[in-house]
Amino acid sequence: MNTDGTGRRDPDRLIRRAGVRGDPDRDQHFLVDDRVLDRIPSYLSRETDTSHLLEIGGGTGALTDRLLALGDRVTVVERDADLAAFLREEFAEEVESGRLTVLEGDALSVELPDFSACVSNLPYGISSEIAFRLLPRGKPLVLMFQFEFAERMAADPGTSEYGRLSVGAQHYADVELVERVPREAFAPAPAVESAVVRTAPRDPEYTVADESFFFDFVKALFTQRRKTVRNAIRNTTHISGISDGSAVVEAAPEELLAKRPGSLTPGEFAALTNLAAEYR
Ligand SMILES: C[S@@+](CC[C@H](N)C(=O)[O-])C[C@H]1O[C@@H](n2cnc3c(N)ncnc32)[C@H](O)[C@@H]1O
């Protein structure tokens, strides 16, 4: 095993051993900065259950190696057949002992195991789909995204980045952008900067009777983010599925109707959703 001074595998040597270049068209940007690689797992809070860590997009295994040092068990999902074969070979000992499972396939369709936490440098092409596959599982996540996506996910109401992604993610968890990562930390370098996001699962302090209607309603209102909530509700019934927008406006409190969708908290969206659900 080739390691650097910390005892962890050297990312450049892993890439050389795998004999790959990384194909941006297949979302392959390998992390080559040891300091970033060593820090990423440390963003899991101290009380996190590390009995079964999940990694989406293992690549050449630099992060997998750090996760094996932290967790009892690791499952890594990798779509590229050559990379999946390399991971099995490179970590043959851990595969043999049952500490590592390599799942070859698309992270959007493979059956995910019952993981205790997920730490991944994600394929950016599936950021949104995979985030919303993981968030409802209610487990701690430490995920690398494109910087702007991360910013939108963690944004507060009233900021220009706040939108349906923020409401959707924050419905499931507390979301925090914990590190900005420069392009040079990857090989090949992606076109834009990246950032690490940490999510801490929690039940929202509100309830929504129908989650799928909640997401449709939020989506509808954000198509009119600069209008008042009053007008946004009336103008977007074709998206939200509400049959009588005026009746919703009649029933809703003035305090919420006078706001803009971009300044409603997830809880306020939920209150309006529950009310609007009566008029579908
Ligand atoms: C950004 S790279 C990260 C690689 C490695 N974890 C690292 O940090 O160096 C993303 C990896 O996800 C893989 N990948 C791309 N699309 C995928 C998908 N839909 N499901 C699973 N893996 C995928 C790519 O082949 C690539 O190895």
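Okay, let's start at proline 41: it is partly exposed, because 19 other C-beta atoms lie within 10 Å. The cut-offs here: 20 or more other C-beta atoms within 10 Å of a residue's own is buried, 12 or fewer is exposed, in between is partly exposed, and the C-beta atoms are placed from the backbone. What you have on screen is a predicted model, so keep in mind that local features need pLDDT of at least 70 and side-chain atom pairs count only at pLDDT 80 or more, while totals for chains, interfaces and linings use all residues. Residues are numbered from 1 along each chain as its sequence is written.

Back to proline 41. Proline 41 is in the loop between helix 2 (34-39) and strand 2. When I say helix or strand, I mean DSSP runs numbered from the N terminus, H or I with at least four residues for helices and E with at least two for strands. If we skip neighbours within four places in sequence, proline 41 is in contact with Arg66, Leu67, Leu70 and Val119. Contact means that the two C-beta atoms, placed from the backbone, lie within 7 Å. From leucine 31, proline 41 is 10 residues away in sequence and 13 Å away in space, C-alpha to C-alpha.

Now zoom out. The protein chain has 14 helices and nine strands, and its C-alpha atoms fill a box of roughly 70 × 35 × 30 Å along the principal axes. Of its 280 residues, 42% count as buried. Looking at contacts with a separation of 6 or more, 62% are between residues 24 or more positions apart.

Seven strands make an open sheet with mixed pairing, in the order 4-3-2-5-6-9-7. Strands 4 and 7 (173-181) are the edges; each has a single partner strand, so one side of each has no neighbour in the sheet. On average, neighbouring strands in this sheet are turned by 25 degrees against each other, direction ignored. For pairing, the rule is that DSSP finds at least two bridges between the two strands. In general, strands of a sheet pair through backbone hydrogen bonds, either parallel or antiparallel.

Let's look at strand 2. Strand 2 pairs with strand 3 in the parallel sense over five bridges, and histidine 52 stands opposite arginine 73 in strand 3. Strand 2 also pairs with strand 5, again in the parallel sense, over two bridges. There, leucine 54 has cysteine 118 in strand 5 as its bridge partner.

So which residues of strand 3 point which way? Arg73, Thr75 and Val77 go one way and Val74, Val76 and Glu78 the other, and all are buried.

On to the annotations, which come from an unreviewed UniProt entry. UniProt positions are in the numbering used here, feature names are shortened, and annotations may be inferred rather than shown by experiment. The entry's "binding site" covers His29, Leu31, Gly57, Glu78, Asp106 and Asn121. Take two of these: is glycine 57 buried or exposed? Glycine 57 counts as buried because it has 24 C-beta neighbours inside 10 Å, whereas aspartate 106, with 13, counts as partly exposed. Glycine 57 is in the loop between strand 2 (52-56) and helix 3 (62-70), and aspartate 106 is in the loop between strand 4 (100-104) and strand 5 (117-121). Beyond four places in sequence, the contacts of glycine 57 are Val77, Glu78, Ala107, Ser120, Asn121, Leu122 and Pro123.

The same record has "domain: Ribosomal RNA adenine methylase transferase N-terminal" over residues 36-203. That span is 32% helix and 27% strand, and its end C-alpha atoms lie 31 Å apart.

Two backbone details to finish. The peptide bond from alanine 187 to proline 188 is cis, with omega near -10 degrees, and proline 188 is in the loop between strand 8 (186-187) and strand 9. Aspartate 27 has a positive phi of about 60 degrees although it is not a glycine. Aspartate 27 lies in the loop between helix 1 (11-18) and strand 1 (30-31), and it counts as partly exposed because it has 18 C-beta neighbours inside 10 Å.

Methods
Axes are lines fitted to C-alpha atoms, for helices over the stretch in contact, and angles run from 0 to 180 degrees between N-to-C directions.
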